[in-house]
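Visitor: I have a model open and want to learn how to read its features. Where do we begin?

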Amino acid sequence: MGMTLSSRSRSSFIAGIAMLALVVPTMSTAHAATLAAKPAKPVRGGTLTVGVAGGGSTDTLDAHSPANEADIARVFALNESLAGYDANHKIVMKLAKAISSNANATIWTVTLRKGLRFSNGKPITAANIVSTLKRIVTDKKASATSLVDVDWTNTRAVTPLTAIVALKNPNSTFIDTLAGYAVGIVPANYNPKKPVGAGPFKYVSFTPGQQSVFVRNPYFYLKGKPYIDKLIIRNFADDNARINALLSNQVDAVTSVPVSMLPSITGAGKKVLESVTGAWHPFTMRVDKPPFDDVRVRQAFRLIINRPQMIQQVLGGHGTLGNDLYAPLDQCYNKSLPQRSQDIAQAKALLAAAGKSNLTVDLTTSAGISGTAVQEAQVFAQQAKEAGVTVNL
């Protein structure tokens with residue numbers, strides 16, 4: 001029986017190895033970032049060129065529908081949300097001075113900071129909050145799905161700096177929606193081909209799949225920032241090309257460093273910034289179709305995986321254990337659950353009880369999902385053999 005697994009969805013049965021974000025700045029330019037024990041005083045001016053993984057002809061500058069890492073990098077450069085997250089994943093105010101709700105979380109009040117301006121110098125007002133949220137709802141590619149519950153009849157700007165957002169149903173986590181990086185506030189006449197935003201940089205030029213050029217936004221709400229005058233984001237679909245660009249000083253920094261290339265990078269005197277993130281990589285099962293509609297099969301697959309081995313072989317040890325729950329930084333994440341570990345004997349017993357011994361499944365994945373997705377699938381296929389399961393990639 002051939003059935004399908006996927007490593008694309010966020011609903012997981014392994015609920016991912018929380019990967020480490022890796023950024024490598026070069027030391028070759030005067031304004032490159034350094035990782036000294038005592039951070040040096042920032043130097044104003046200069047150009048920062050960053051090599052970003054992925055990108056292609058479908059790349060976009062749209063503030064509300066980033067689809068890949070390069071798109072996301074541009075969103076962060078050009079746009080700013082009402083709120084965001086600090087290093088501990090706690091909500092902090094950005095364009096908003098305050099965000100609050102009524103007792104049952106159906107009415108949210110957003111108050112903007114005074115004196116805010118878009119990158120074209122025009123004022124940011126509460127009306128822009130309402131028009132931005134409406135644009136996101138009408139954008140089929142937008143990621144803020146919680147906005148479909150907005151009651152537009154009662155959502156309005158009540159003063160130039162205060163907006164009321166009404167919801168059809170209570171939602172105590174609506175502030176998390178407003179803090180999303182793809183919910184940047186934009187003008188009412190926003191044009192994604194020549195975008196105006198409220199981020200640290202403003203648009204100069206953009207060639208999909210190749211390069212983006214931005215300059216410092218003089219109206220950015222954090223006075224005196226950013227420090228650099230110009231930001232260039234270069235796309236690299238190939239890992240080797242991206243790392244070679246770093247090693248040859250064609251770029252000042254790169255994102256998504258493959259673990260296998262760390263030795264050559266550090267050996268060349270480059271510095272690696274490695275930080276634990278909330279990212280997680282799942283393998284998913286179609287629970288509405290056989291064989292995964294049987295809970296015993298799903299339980300067996302959770303016991304097949306050797307998680308420490310996966311981290312060592314795929315990430316070179318640069319990762320943390322997943323435990324079949326997503327969002328490790330979520331306040332509701334259940335840290336008290338005992339860590340699930342590989343148990344081949346129990347997995348075989350569960351499959352036998354379900355009448356699925358010697359099961360064959362298809363695992364569909366792509367290098368475009370993450371830099372290690374294909375390797376993860378290959379390692380899982382090898383581990384599954386121990387339980388008598390054949391995984392066709």
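Guide: With a helix pair. This is a predicted model. In it, helix 6 and helix 8 cross with left-handed geometry.

Visitor: How is such a pair described in general?

Guide: Two packed helices are described by the angle between their axes and the distance between the axes. Here, the axes of helix 6 (residues 295-304) and helix 8 (residues 344-353) come within 8 Å. They cross at roughly 160°.

Visitor: How are helix 6 and helix 8 oriented, roughly parallel or roughly antiparallel?

Guide: Angles over 145 degrees count as roughly antiparallel. Helix 6 and helix 8 are therefore roughly antiparallel to each other.

Visitor: Which residues make the contact between helix 6 and helix 8?

Guide: Helix 6 contributes R296, V297, Q299, A300, F301, L303 and I304. From helix 8 come I344, Q346, A347, L350, L351 and A353.

Visitor: Next, a single helix. How do I read its faces?

Guide: An α-helix has 3.6 residues a turn, so residues three or four places apart point the same way. Now take helix 1 (residues 69-78), where A70, D71, R74, V75, A77 and L78 are buried. Viewed down the axis of helix 1, these buried residues fall within an arc of 165°, so they line one face.

Visitor: What do the buried residues of helix 1 pack against?

Guide: Strands. They pack against strand 3 (47-53), strand 10 (201-207), strand 11 (211-216) and strand 12 (230-236).

Visitor: Which residue caps the N-terminal end of helix 1?

Guide: N68 does. One of its side-chain oxygens lies 3.1 Å from the backbone nitrogen of A70.

Visitor: Now single positions. Is T162 buried or exposed?

Guide: Buried means under 20% relative accessible area. T162 has 15% relative accessibility, so T162 counts as buried. T162 lies in strand 9 (residues 162-166). Beyond its neighbours within four places in sequence, T162 contacts T109, V110, T111, A126 and A157.

Visitor: And where is P42 found?

Guide: In the loop between strand 2 (18-25) and strand 3. P42 is partly exposed, at 44% relative accessible area. P42 and Y227 are 185 residues apart in sequence, yet their C-alpha atoms are 7.2 Å apart in space.

Visitor: How do I read contacts across the whole chain?

Guide: Look at sequence separation. Among contacts between residues at least 6 apart in sequence, 66% join residues at least 24 apart. The chain has 9 helices and 18 strands. Of its 393 residues, 45% count as buried.

Terms used: Residues are numbered from 1 along each chain as its sequence is written. This is a predicted model: local features need pLDDT of at least 70, side-chain atom pairs count only at pLDDT 80 or more; totals for chains, interfaces and linings use all residues. Side-chain values use heavy atoms; hydrogens and water are left out. Helices (H or I, at least four residues) and strands (E, at least two) are DSSP runs, numbered from the N terminus. Buried means under 20% relative accessible area, exposed over 50%, partly exposed in between (1.4 Å probe, protein chains only). Contact means heavy atoms within 4.5 Å. The arc is that of the directions from the helix axis to the C-beta atoms. A polar contact is a pair of N or O atoms within 3.5 Å; within protein, one must be able to donate a hydrogen and the other to accept it, and residues adjacent in sequence count only if both atoms are side-chain atoms. Axes are lines fitted to C-alpha atoms, for helices over the stretch in contact, and angles run from 0 to 180 degrees between N-to-C directions. Angles under 35 degrees count as roughly parallel, over 145 as roughly antiparallel, 65 to 115 as roughly perpendicular and the rest as oblique. A crossing is left-handed if the near helix is turned anticlockwise from the far one by less than a right angle, and right-handed if clockwise.
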